[in-house]
Structure formats: structure tokens, C-alpha cells
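Notebook open, viewer open. I'm going through this one stop by stop and jotting down what I look up.

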Amino acid sequence: MGKGVRVSERFAEGDLVGVLTTEPLGRPLDYKAPAGGCTAGDLVEVPLGPRRVLGCVWGKGEGNFDIHRVRPVTRVLDAAPLRDEMRTFLQRAADYTLTPLPQMLRLATRAPDLGAGPATRRVLRATGREPARETEARLRVMDALDTFGGAWVTAGELAAEAGVSTAVIKGLVKAGVLAEEDAPRDLPYPRLNPNLPSKDLSDGQAEAAAALAAAVATGDYGTTLLKGVTGSGKTEVYLEAVAECLRQGRQALVLLPEIALTAGFLDRVEARFGAKPAEWHSGVTSTERRRLWRMIGVGEAQLVVGARSALFLPFRELGLIVVDEEHDTSYKQEEGVLYNARDMAVLRASICGAQVVLASATPALETWVNADSGKYRRLDLTARFGAAELPEMRAIDMRAEKLASNRWISETLARQVEARIAAGEQALLFLNRRGYAPVTICRACGHQVGCTECDARMVEHRFLKRLVCHQCGATRPVPEACPACSVEGKMAAVGPGVERLAEEVAERFPGARVSVLSSDLFGTARALKEAIETIAAGGADIIIGTQIVAKGHNFPLLTLVGVIDADLGLQGSDLRAAERTFQLMRQVAGRAGRADKPGVALLQTHQPEHPVIRAILTGNEEDFWRAEAAERRMAGAPPYGRMAGIVLSHPDVAVVFDFAGELARRDGPLRAIGAQIYGPAPAPIARVRGRHRVRLLVKAERGTPFQAALAEWAGQLKLPANLRLAIDIDPQSFL
Ligand SMILES: [Zn+2]
Ligand SMILES: [Zn+2]
């Protein structure tokens, strides 16, 4: 065992223990230790009223309850205990995010049947025989089996994935296409070999890899920003840190922002270490989740690749956490427990003596500031791997371009696209707007079609032949007649989405092969992955994409990126708008010229002199971050000050405004720490799913007991029935 491993407190039969359950009761409850005793961290089953529920032995009992009425723990589960380090992490994460502790325990025990011991289960595998009679349902089953990539799968899981009844599965077993066998429930993962040869690294990569490995070898906590331009080979570098971690006999976790990226990543891990790692994300079956949860606790899974919730797995000995594309907004959990996985990774690592690697070409401003101040170490990978160079970036001044109405591609950009097609290369047209048109307006009365449940305009999706609310997902057909004035045939699409851009491209470049990459056009992560592979192999001349193209896909033939509307992210008063636009534009531009051909990125803009656009074009990143940091410091905004967003919602607009107003007036606990409160104001989206949303913003200086003051302040009033209150510490958007 490495550093920091302490022996957990042991309790003899009959001793009072405090057990935290996943029920919403707040504090641990007293129970008596069962026959054979128990240890702090043990997962147990305890009686709660007439039920039996899952719990964790949190420590000594309080003893403030009539001893004769204290009931014994029913049994200790056959699972690795949650270690002291893990319980400390849950407690501190709960304190930081103002989340009730039972909810944190629920996050940490999200695997089925944790109470059941090792056993076997019936699983299915393909025999290789083709079905004699191919029905659509049967084909779907075979397709689904493929999705699991050889992992064991039960009949129920397979039926659910394929969307068929279990009768179809039984039919395939009978026909000899599938075979049933008994498999142990929880099998250790194949061992990874860190001593297989690594890929050839450039001098810069080798140097960075050595620095990371040395940090891992210390066995102490530390965070490193691994900053490298797109294509500089960050993955190869941090895989060497993983290798060192495995050599130390500790476990590693790699967080990825997008499930669609995991498949390619798993192949790279296999190439480096000789076997695939364990996976944890929403696409993994519940059987696999249980297996992973149990194996991680006994050290039989060395490397986990997963989504943000993998941070709450009960690692036996975590030595390294990599947060890839650490600036990505998907690391912020926006529902339920509100947390930022990047910050929680740093918290967890600091408790268990692990290293954190934050990898990005365009780090979050917070990360940049922490590196600048010396709180984080910083390693820079400057050269792109191999011959690839950063693309040249230029603005197209749209004020000087003559565009016909309902046309979005300038003549300058179009000529460049034509040149690429002629040269057998690819062009990407980027527009961060899903659907056909963002607004549907009545030409007779000016009415804009909105969602009936939300304060949001409905977006036309011609592909679906419907209007869609991007807030709540409600859909309806495009109306023939105006819902307001009933005039027929006057409804018109205004503004471009990717689907409409695709129409223009088809007219403007007849004969070109066009591929549209937008998350809503693909039913499954696998379909998206296939489309990406087809493009990478040269199966398209023009790619039209939303922000999903910015996320680390490799298109070797791509040499031109055209940003249709570089001004899109600059509007609005969100404090992060500049940072987001900068990151997104740099990431998208980074798609061009990744192999041996140099790339060009062209930004269509109406404000080429805007500081953000100029920073993007000059590539003067450090100047941009410094200027942004100075503005945040002036505003007392994160990371220089503390902020919390409070969103209150209720079906009745008066109820929610009254309550928010009352809360704002009772600001004593906040004033006591010098904090200021802003609002109430309607939230950026003032109504979602029929609930009116009101927002308060609290700002405080750093170094004040911020969470404690917030908890005291919000706890003063009893919530009216059906009123929801959510506190978001370090909100992503400051509106
Ligand atoms: Zn109308
Ligand atoms: Zn809606």
C-alpha cells in the first residue's frame, strides 16, 4: 500500500456505529454493530422502518438515542469498504457543493445489486452462425451485440439495447446463432502492461512525459496543466503518466468529455498497454457497472476511462486522474448534484495523494490563472506532432461581402472551398446551431413560434419535419397557418442552422459530397462514430458541423475550416462569452491541417476588430488570457472572487418571485461575510417545462466562509410546496 493509507476504525459486536444511508435523512443514524463486528467504511444493510436499505458505516455512533431502541446492522455486504479517503472526499464534496451527504453516497454507490455476493449469470455470445431467416428484429439484435464489443451481456440487456422482446433473443438461441453460458458475475479486468514499448515520442513529448511520470512517482498530490495545441500529441504524453502510475501499483482514471470519443481512445490504450481498460459511462450495461464498481474497490481494475461520474468510484488506490479537454463544459453537471468534475478531480486527488493532469489546447480561465500563479505546474507542448502545423487564420470582413438574402457563405469563402475540392482535400463549414432555422416567423403578423412550456423559440428541424424546443425537447409540426393570426402560408424560416447551410452548400457546390455532423442527426453514439470514420477516410468533400466537430476528431484530409458566424458567441452579457468563443474557434481551427498539409481557417465576422476575434487571429493566446484574467479580477468574478447562482422555480410566477424577494431581503447571513446579493431576476430561460425560474446571484470575496453563509441564508425560510431551490457554486454561466 502507498502513502496515506490508514487503518480504518474497527467496531466490535454491539458497539454503537453511525450509518449513513442513501435515504434523504441528512445525518448518519445510530445502529449496533452486527455479530462479527464491522469496520468504518463497510457497506451494510440496515433496517429503516419496515424496509432494509443500503448504508455505509460512517464512524462512531452519536449515542444520543435511547440505546434500547437502537437496532443492529442487518449484515455487512460482501464488497470492499469505502476507504477513509473516499468518505472524506464525499464529505468535502458535499460541503463544497452544498449537497446533502446521502445524495453524495448515492452518487458513489450507483451500481446494481451491491449486496449480492459473487455468483454466475447467464450470458450470451455469438456463435458465428448466420440466422437462417433474417428479420429486422434479428438484425437489430446482432447489431446490438456488436455494440457491446464482445463484453458479456444478458438476454435482458441485449433485448433492451436492440429494442426487441426477449422472445426474439430466445429464437436466436434456438436457431444456434447465440449461445448461452454461465459466467462469473464479477471478473477481474485483464492486466495492463505498462512496460510495453510506447509510441515514438518527439523530444517535446518525451520531456513532458518524463516530467509527469516523475510527479506520479513521488506519490504526492499535485496538479499539472498539460497545454498543447490540437494535434500536439497530448494523449501519448499522459499515457506515459498512466504507465508510471500502473508501475507504482496504483490505479488511474482518465475522464473524457464525450462518450463518442471513448471507442477510439480504448484502442489507443490497448495499443499501448496490451489490453483494454474498464469503461464507466451511461452507455455501459448495469452488469458491467456492477463488475467495475466491485473490481475497482479490490484493485482488479487498473485503469478506468469514463465520464465525470467515474470520479465517485471507490478506487482502492488512486494515483492519477487525467481530465482530457478540461475546458469542456460537459464536465459541469447541471442537474441533480451540481458539480464541476475538473474541480472535484483536484479535490479528490489532494485527499488521496494523487496527481492530476488537466489536458487542453485552450484551458479554462480558472486553470490558466492557477498555472500562472504557480498553484498548478504547467507543461507546454508547442510543436504539432509530425509535419503538421497550426493553420493560418484570417478574418473575412462580412461588411465588405455582398450576400443575397438567406445566403450565408461569402464569395471569398466559397472560392476557397472550390479550390479544396479541386485538390481532393476537405473543407469544414462550422456553424454552432443545430436544426434548419433558429426562428420561425409569421410574415403576416410578425409572430414567432415559441414553446408553450418554456420561454424559448422553437427551432425548425427539417430533417425531423418538426419544430423542436431545445430547452425541454417538446416538438410539434411546422404549422401551415400562423398560431397567432391564422393566416395561411406565411410562416417563414429566419436565420441559418446546419440543415439550412447544407441546402445552400448543395446548391452552391453541386456534385460535392456533403456530410452533416450534428449531434441530433445521429440516433446512437455508434452511428456518429461511423460517420466520423467515413469522413476521416475521405468519404466527404465538405463537412458541415456544429460544436461536436470541435471535440478532438482526426480528419487528415481537412485543410480548410470556414467559420460561418464567428460573432455568434460574442453576443450577450455572459462573462464567459469571450472565453468560450476563443476556445471554440481555436478548437475548430485546430481541425485543419493535421496531417502533412498545412491548413487555413477563415472566420466570417462583422467585427474583425473585436479583441476576441483579434486574439484568435493573431494566435496571441497568452495576451488573451492575461486580458481576460484582468477583467475578471476587476469584476471580482471567479477565480478572483466567489460566486453562487441560486435558481428558484415554481409553476406560479407570483409564488416564486415573492419567495425569492423575501430571501433576498433576509440577507443577514450573507452580509455578515461581506457578500452581495443580486436579483431576483428572471433566469436566462425564464420558463422551462411550465415552471417559472427566478435567479439570484451571490458574490463574495475569496477566503470567506462562503458555503456556510449560503447554507444559513437559504435555510432561513421554509420552502413553499412544489418550490425548487438549487444552489450552483461556481456557476458556468453568470447570467
Ligand atoms: Zn401571424
Ligand atoms: Zn420547451
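Predicted model: local features only at pLDDT ≥ 70, side-chain atom pairs only at ≥ 80, totals over all residues.

**Entry 1: N406.** I started in the loop between strand 17 and helix 12, where N406 lies. N406 isn't a glycine, yet its phi is positive, near 60°. Is N406 buried or exposed, or something in between? Its relative accessible area is 37%, so I wrote it down as partly exposed.

**Entry 2: E325.** I then looked up another positive phi in a residue that is not a glycine: E325, at about 50°. This residue also sits in a loop, the one between strand 14 (318–324) and helix 10 (341–352). E325 has 15% relative accessibility, and because anything under 20% goes down as buried, E325 is buried.

**Entry 3: helix 12.** Helix 12 covers residues 411–422, which is 12 residues. From first C-alpha to last I get 17 Å, close to the 16 Å expected at 1.5 Å a residue. Which residues of helix 12 are buried? I noted L413, A414, V417 and R420. They lie on the same side of helix 12, because the arc they cover around the axis is only 120°.

What do those buried residues pack against? My list has one helix, helix 13 (498–508), and several strands.

Just past the end of helix 12 I found G424, with a positive phi of about 75°.

**Entry 4: I421.** I stayed in helix 12 for one more residue, I421. Its relative accessibility is 26%, so I421 counts as partly exposed. Leaving out residues up to four places away in sequence, I looked for what I421 touches and found F509, A512, D541 and I542. I also checked I421 against G661: they are 240 residues apart in sequence, and their C-alphas are 60 Å apart in space.

**Entry 5: the zinc ion.** Next, ligand 1. Which protein atoms are the donors of the zinc ion? I found the SG atoms of C442, C445, C482 and C485, lying 2.3 Å from the zinc ion. The angles among the 4 donor atoms run from 106 to 111°, and the site is tetrahedral. Along the chain, the donors follow the spacing C-x2-C-x36-C-x2-C.

I looked up accessibility for two of these cysteines. C482 has 2% relative accessibility and so counts as buried. C485 comes out at 29%, so I put it down as partly exposed.

**Entry 6: other cysteine checks.** How many disulfides does a search of the whole structure find? The count is 0. I also looked at C451, whose relative accessible area is 6%, so that one is buried.

**Entry 7: cis peptide bonds.** Last stop, two bonds with prolines. P638 and P639 are joined by a cis peptide bond, with omega at about 5°. Where is P639? I found it in the loop between helix 17 (621–635) and strand 28 (641–650).

The other cis peptide bond I noted joins G679 and P680, and its omega is about 10°. P680 is in a strand, namely strand 29 (residues 676–688).

Terms used
Residues numbered from 1 in each chain as written. Chains lettered and ligands numbered in written order. Heavy atoms only, no water. Donors = N, O, S within 2.8 Å, 3.2 Å for Na, K, Ca; no water. Tetrahedral: all angles 85-135°; square planar, octahedral: opposite > 155°, others 65-115°. Buried < 20%, exposed > 50% of the residue type's maximum accessible area, 1.4 Å probe, protein only. Disulfide = S-S within 2.5 Å. Helix = DSSP H or I, 4+ residues; strand = E, 2+ residues; numbered from the N terminus. Expected span 1.5 Å × (residues − 1). Arc of directions from axis to C-beta. Contact = heavy atoms within 4.5 Å.
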